[in-house]
Amino acid sequence: MAEPWPSYSSSSRGKKKRPRSPNDDATSSQGRTENSTSLEDNLIFSDTLIALQLMRTQFPKLEKSQLYSSVKDRTQVDRDLESLKKDRVLRVFKLNTGQDDHAIMFMDDYLKQVYVFLMESAVRRSKGKNQDCSEVFEWFEKYVLPSKLDVSIDHLELCSLLSNGGDARDKHITLLMNAGLLTRQLIDPNMYWFSIPSIGPILKGLTQGRKEVLSLLNRRKYKEMLLSSLEKTRLRLSPLDVRFHLRDLIGSGQIKTVQTATGLLARVSTD
């Protein structure tokens, strides 16, 4: 499943795992949940784009499972996503964290990352360094991205589209891969996934955060906890906001929610 995709703070890299504080379940983490919207009050929406825009304020890059947690009609979500892709409002990326894991980014957010490479390429060319193949970033942005909206592209089609800008060779594709804009598929080396630059730490946080939230619930007697308390938990193993993981786990069906007199309950799914 896919999610709105979060920003990653470089200040979190290299930090040691922090022991869980006795007050972690009761108090919010500074800078994470303070002055932010309650997940319980904003879990379900009737409109896909509204859900995406709200979650974008929390996590600029999204996963589809988070979207499934927020809009009940999954068929409508899939139809809306296809429409928004065709209108070039957003782009979907395949992740390597699970068979059905996909990330969603608003197109303007994604293009900002591509523009970083375009600017660096322009600077190199202005200094006469035109032998490093950096012109490929301009070809990629101008000819490949507008033409190919799928999550993957084969080698021949990629070379054909890049050739609209110049003499595309393997060294150009290698440069795109090194920049994190393409990832070669393991099962078919002639196919590439479109990818998000510098996504590695986020994928690690996604995997570890999923395990930590589920472990926290599984240690409870009934494997459940009030959502309002759970969303205030500070995670030790993931730099991502706990709400990111909760939307992911609810949308993927690993956690289900039950309305009670005291509030919405999050429970490990046994299905």
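1. In what order do the 3 strands of the open sheet stand? The order is S5-S7-S6, with antiparallel pairing. Two strands count as paired if DSSP finds at least two bridges between them. Strands (E, at least two residues) and helices (H or I, at least four) are DSSP runs numbered from the N terminus.

2. This is a predicted model, in which local features need pLDDT of at least 70, side-chain atom pairs count only at pLDDT 80 or more, and totals for chains, interfaces and linings use all residues. Residues are numbered from 1 along each chain as its sequence is written, and side-chain values use heavy atoms, leaving out hydrogens and water.

3. Strands S5 (152-154) and S6 (182-184) are at the edges; each has a single partner strand, so one side of each lacks a neighbour in the sheet. S6 pairs with S7 (residues 191-194) over 3 bridges. Arg 184 has Tyr 192 of S7 as its bridge partner.

4. Helix H6 packs on the sheet and touches S5, S6 and S7; contact means heavy atoms within 4.5 Å. Helix H7 also packs on the sheet, touching S6 and S7.

5. H6 (residues 155-162) and H7 (residues 170-178) pack at about 100°, with axes 11 Å apart. Axes are lines fitted to C-alpha atoms, for helices over the stretch in contact, and angles run from 0 to 180 degrees between N-to-C directions. The angle makes H6 roughly perpendicular to H7 (65 to 115 degrees). On the H6 side the contact is made by His 155, Leu 158, Cys 159 and Leu 162; on the H7 side, by Asp 170, Ile 173 and Leu 176.

Notes. Angles under 35 degrees count as roughly parallel, over 145 as roughly antiparallel, 65 to 115 as roughly perpendicular and the rest as oblique.
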